[in-house]
Amino acid sequence: MADSQILLECREIYKSFDKNKVLQDINLKIKRGEVHALLGQNGAGKSTLVKIITGVYSMDSGQILVDGQPVKMNSPKDSEKAGISIIHQDQQLVPYFDVTRNAFLGSELTGKCGKMDFKKMRSLVQEKLKLIDSDFTADRQISSLSVGQREQAAIVTALLQNPKLLILDEPTASLSNREIEKLFEVIGKLKEEGVTIIYISHHLDEIFRITDSITVLRDSRVQGTFPTGRTDHKEVVSLMIGKELKEFYPKEEVVKGDVVLEVDDLYSGELVRGVSFRLHRGEILGLAGLVGAGRTETMLAMYGVEKIKSGSMKIEGQPFAAKSPLQACKAGIAFIPEDRRNEGIVAQMDIGENLSLSSTRLWAKRGLIDRRRESTFFEDIRKALNIVCTGKKQLVGELSGGNQQKVVIGRWMVGDFKIFVFDQPTTGVDIGAKTEIYKQMVSLAKQGCGIIFISSENEELMGICDRIAVMAKGRIVKEFDAAQVNEQDILYWAAGGEEDNSGKEAEGVG
Ligand code: ADP
Ligand code: MG
């Protein structure tokens, strides 16, 4: 019996590329008006499935129904006719065309004598730009747009078909946080307009924020579909990786050593207002908090980037205040920054070159770089972090986000660092690579380093840290033993909660 709530249904879809069974027995129902997440690790088959839905690939067997009616998707035109538009994972726009020309590429509107009707096309594009509240015009050249604006240009192109269903295949892979927020606004607007959305991503925090349902794919099969409100990170991650979370977080007991870093009443800029904490050797200290709590800024002050107004720091008992990152480096602090695209890597350089960027001087013998040592280092790092690449000469820009991040981290694995600061190292990284990054932190802790781990995913802090310090409004407002804390407590304090001393159950403030 047809269910009028269901816009799109996939029934028993199978697809192989040669011997590689990519999709098996895929059953999926997309409800009218919902944002439905398709989740799965790299290679799970997400893109293949949506390419089948949009007629880019043909399936080996199975059925697609739109509004309860079977539809043959022999080409992208068929899916457009059925009201389905897609923005592909690797969708390219022509940089030297404007937004309008891009939007109508290959399907230009023409007037009476076959001349292109630019005026009409432009006004249609303008209308869609307005719908999603974009801040640029239809005649802007693509090359002059930011990555986020290009994403909007692609969405506008898809909207020209007035689709009932819009599919976004990993739209946020290369967007900044601000651009992601804008995209979410756009998705919200489209939802209000009644557009149904399939959203592919491996960023769980996003998925939990903006979707109504979640379908997890693994090993070519659907592992389950859930209303977003009735599942959680734990369940979804376990399904994605096919393991219990214990295996996902390679935590090990490490004996806590001496205090390696002391920070007392540190003030810097507007966002750091009296931060105090201790870090021990062998310890992974999580820094939880909301955006703007001052976590990164505190680290930047420690690292000699932001000026310190007042307060004191000691490394192994010695007073310390870096005036530059170089001084901080020499004092033994490694800082793996948040935004690897801007601060971390040089996409146009190869892996070998990127790895040696911060450590070249270590291999220089009388000014010459010791290529043999550099090669050994590359092999060590590749093994330790399991970097998936063709070799030392591959350009970093060609690697997946997770592997790029491993290169950024790898760069700091040489040298005499006592303290490692990881600022949101797993952002935009697939689940397999996350585990490798956690392993690396644990391994550094075992070597006696102190680790500071900034993250907005409390789940991973709870999974890998020994202690969690919550920052709010420029201070550390609460510290927890990571094994004892629950997520609500972290959120409560991050959101500016206060110690409740009035109730009978209030515990002693320690
Ligand atoms: P996801 O989008 O979930 O990362 P994909 O659908 O891109 O996964 O890929 C699933 C599997 O199908 C991978 O093993 C990939 O190598 C394979 N695959 C995808 N497209 C092709 C293709 N055109 N030819 C051969 N194999 C492909
Ligand atoms: Mg994909």
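Where is the place of Glu179? Glu179 sits in helix H6, which covers residues 177-192. Before I go on, a reminder that this is a predicted model.

Staying with Glu179, its side chain reaches the backbone nitrogen of Gly148, and the distance is 3.0 Å. Gly148 is also among the residues that Glu179 touches, along with Ser146, Val147 and Ser174, if we leave out residues up to four places away in sequence.

Ser47 belongs to helix H1, residues 46-53, while Gln89 is in the loop between strand S6 (84-87) and helix H3 (99-103), so the pair ties together parts 42 residues apart in sequence. As for accessibility, Ser47 is buried, at a relative accessible area of 18%. Gln89 is partly exposed, at 42%.

The last stop is Arg467, in strand S21, residues 467-472. Is Arg467 buried or exposed? Arg467 is buried, because its relative accessible area is 14% and the cut-off for buried is under 20%.

What does the side chain of Arg467 pair with in a polar contact of 2.7 Å? The partner is the side chain of Glu283. Setting aside neighbours within four places in sequence, Arg467 is in contact with several stretches of residues: Arg278 and Leu279, then Glu283, Ile284, Leu285 and Gly286, and also Glu479, Phe480 and Ala482.

Conventions. Residues are numbered from 1 along each chain as its sequence is written. Chains are lettered from A and ligands numbered from 1 in the order in which they are written. This is a predicted model: local features need pLDDT of at least 70, side-chain atom pairs count only at pLDDT 80 or more; totals for chains, interfaces and linings use all residues. Side-chain values use heavy atoms; hydrogens and water are left out. Helices (H or I, at least four residues) and strands (E, at least two) are DSSP runs, numbered from the N terminus. A polar contact is a pair of N or O atoms within 3.5 Å; within protein, one must be able to donate a hydrogen and the other to accept it, and residues adjacent in sequence count only if both atoms are side-chain atoms. Contact means heavy atoms within 4.5 Å. Buried means under 20% relative accessible area, exposed over 50%, partly exposed in between (1.4 Å probe, protein chains only).
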